[in-house]
Amino acid sequence: LSLLSQPGAKESFLLGQVRDRHSLLYFPVAIAVKWPLGLLALGAIQTWSRWRERRTRPWRLEEVALLAAMTVVLLSCMLSNLDYGVRYALPLLPFLCVWCSDRATANRGRRLAVVLALVAAIALETARALPYPLAFFNTLAGGPGRGDRIVNDSNVDWGQGLVALRRDLDRLGIRKVHLAYHGTVDPALYGIDYEIFAGGDLGPESDWLAVSSYFMVGLPARLTTRLGMSEQPMKYDFAALQGRSPVARPAGCMYLYRMR
């Protein structure tokens, strides 16, 4: 973690751009698109309601402590050079859930129904991403796997798409595929017959190209081969594919194209 936090140690991705510098906007944007809308709405409602009730319902010490803890965690994330995933903001969640729970005990009738509806919305929206929850994005960001042009890296792609890719290859009758895969496991172990895509035109082995989301947006990483990891990071330019609809989106973290 300390190595990753060093300036220039690793490139990140935010709002369509690969960046080699830290951005204060990273974690607010990542939270806005990676956390369920129901949870964000509950947090906003609770904060607004408590501000309006401040004169008739004095602030309790535990409420001040919760807000202070959330503020410290969020500011720590925003000020650190760790623009690689919303996971670094996960310590916010226990405090936020306790903070939001006050709405369920403070309300009755219609207001309680709104709170329960938002809780149900959290469950339903989260379930949409299963069985690949890592690629979750909320509805405003486009849904699972659809917000990878806003934030990427561990928000979307840790190489978890090989099983889904093999399933799509079988479904489409594809025997071999050119592959730009971001991960640490040889895809052949999952029954995928592949040729490593090193850029340029496809070879004659296959008309199909599968690309990990991480490489699709232009982030660099070492490439997994049958002989192990490449010594140097690989960086692709898939700008020509950005506006093209893929045939499939395995696990929400890969793109499968028919190139010819």
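Which residues of helix 1 are buried? I looked this up before anything else. They are Tyr26, Phe27, Val29, Ala30, Ile31, Val33 and Lys34. Buried means under 20% relative accessible area, with a 1.4 Å probe and protein chains only. Helices are DSSP runs of H or I with at least four residues, strands are E runs of at least two, and both are numbered from the N terminus.

A note on the model. It is predicted, so I kept local features at pLDDT of at least 70 and side-chain atom pairs at 80 or more, while totals for chains, interfaces and linings use all residues. Residues count from 1 along each chain as its sequence is written, and side-chain values use heavy atoms, without hydrogens or water.

Next, the cores. I took a nonpolar core as a set of buried Ala, Val, Leu, Ile, Met, Phe, Trp, Tyr and Cys residues joined through side-chain atoms within 4.5 Å. The largest has 49 residues; Trp35, Val151, Leu165, Val177 and Leu256 have the most contacts inside it. Helix 1 gives the most to this core, 6 residues. A second, separate core has 18 residues, including Phe197 and Phe238.

Then Asn152. It sits in the loop between helix 5 (109–127) and helix 6 (162–172). Its relative accessibility is 0%, so I logged Asn152 as buried.

Key: Buried < 20%, exposed > 50% of the residue type's maximum accessible area, 1.4 Å probe, protein only.
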